[in-house]
Amino acid sequence: MASATGEAGGQVWQRHRATAGKALAAAWPGDRSGRYPVVLLLWMMRNAGGPDPQSAFALVASQRDCPEPWARAAAHYVSGFGHLGQRDPAAAENAFGQALEEFRSLGDRWGSALVLDTLAGVAGARGDRTRAVALTDEALVLTERLGALEDSADLLVNRGDHLAGDDPAGARNAYANAAALARRAGSSTYLAAALRGLGDIALEEGDLAEAERLYGEALERNDPHWIKSLGPRVRTLIGLGRVAAARRHHTEAREYYRQAAEVADTVGAHAPEVLRMLGLSEQAVESVLEAVAADG
């Protein structure tokens with residue numbers, strides 16, 4: 001179920017999602033351990049863009065007192081996002097920090113890298129890009145040791161995002177390396193994210209045609225059913241909106257911004273909160289909100 005992608009996979013997912021969710025909740029009631037705890041986190045990731053993301057979130061978060069240590073670590077990790085949605089970054093960092101300690105105590109490098117990446121995002125959102133890059137690099141060491149090409153590509157895209165404002169050349173290098181890794185791994189999702197980053201660089205350099213080409217390819221490759229695709233999809237739509245605005249095609253720009261808000265809303269939090277959690281500039285957030293206001 002969790003591996004279902006594309007149009008055919010999406011149809012399978014919609015038919016069986018509710019039944020699978022009930023079975024998973026029965027197997028993991030919160031006071032005892034089920035089997036294969038990693039499925040809990042995958043389930044939440046796969047449901048994030050669906051019709052009921054809060055139920056999947058609640059299922060994972062309810063494992064905070066579960067006797068299974070990996071499930072507890074995942075629960076603390078997921079709980080941190082709830083605090084972010086409530087605009088409490090201090091509580092979020094505390095939850096993420098606890099998850100990191102638990103994953104490290106288990107010797108889980110993948111889980112540790114996942115949390116380090118999230119902590120980097122929190123640091124970047126408050127403007128501490130130096131810490132954000134340092135945490136991302138720490139996570140990259142772990143994924144490289146694991147040979148996890150997709151996760152390394154994801155981290156490199158995030159590294160590029162942290163660098164973009166101060167070091168465009170470093171950002172371009174990170175995005176290009178991410179694209180190369182994603183192609184090696186056969187990952188359309190992370191290739192789309194890397195292309196979006198390269199599109200941002202082209203846009204900042206004033207090459208509207210190249211930016212539009214890169215954003216268009218990124219949008220084609222993006223899997224709308226996977227949580228890791230949500231941020232890149234929102235950023236890509238905003239990028240296309242910025243390209244249209246630069247050409248003074250304001251109606252087209254508003255449509256792209258409206259679509260970006262629509263995608264952000266699928267997480268279950270308000271679009272402005274999601275956009276800010278993604279680290280987008282206030283100018284980008286305001287453009288999206290103005291488009292939504294004009295539309296409705």
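Q: Why is Glu205 called exposed?
A: Glu205 has a relative accessible area of 52%. The cut-off for exposed is over 50%, so Glu205 makes it into that class. Keep in mind that this is a predicted model.

Q: What makes Glu205 and Arg172 a salt bridge?
A: Their side chains meet at 2.2 Å, N to O. The rule asks for a side-chain nitrogen of Lys or Arg within 4 Å of a carboxyl oxygen of Asp or Glu, so this pair passes. Glu205 sits in the loop between α10 (188-204) and α11 (208-221), while Arg172 is in helix α9 (residues 168-185), so the pair ties together parts that are 33 residues apart in sequence. A search of the whole structure turns up 13 salt bridges.

Q: Why does Arg172 count as partly exposed?
A: Arg172 comes out at 36% relative accessibility. Buried needs under 20% and exposed needs over 50%, so Arg172 lands in between.

Q: What makes the pair of Glu212 and Arg247 a link between distant parts of the chain?
A: First, the contact: their side chains meet in a salt bridge at 3.0 Å, N to O. Now look at where they sit: Glu212 is in helix α11, Arg247 is in the loop between α12 (227-246) and α13 (250-265), and they are 35 residues apart. Glu212 has 32% relative accessibility, so it counts as partly exposed. Arg247, at 31%, counts as partly exposed too. There is also a network, in which salt bridges that share partners join Glu210, Arg213, Glu217 and Arg221.

Q: Which class does Val39 fall into, buried, partly exposed or exposed?
A: Val39 lies in α2 and has 34% relative accessibility, so it counts as partly exposed. Together with Tyr36 and Val38, Val39 makes a nonpolar surface patch of about 270 Å².

Q: What makes the phi of Tyr36 stand out?
A: Most residues other than glycine have a negative phi. Tyr36 is not a glycine, yet its phi is positive, at about 50°. Tyr36 is in the loop between α1 (6-27) and α2, and at 56% relative accessibility it counts as exposed.

Q: Where is Arg248 found, and why is it called exposed?
A: Arg248 is in the loop between α12 and α13. Its relative accessible area is 68%, and exposed means over 50%, so the label holds for Arg248. Its phi is positive as well, near 65°.

Conventions:
Residues numbered from 1 in each chain as written. Predicted model: local features only at pLDDT ≥ 70, side-chain atom pairs only at ≥ 80, totals over all residues. Heavy atoms only, no water. Patch = residues over 30% accessible without salt bridge, like charges linked within 9 Å, V, L, I, M, F, W, Y side chains within 5 Å. Areas by Shrake-Rupley, 256 points an atom, 1.4 Å probe, with all protein chains shown as cover. Helix = DSSP H or I, 4+ residues; strand = E, 2+ residues; numbered from the N terminus. Buried < 20%, exposed > 50% of the residue type's maximum accessible area, 1.4 Å probe, protein only.
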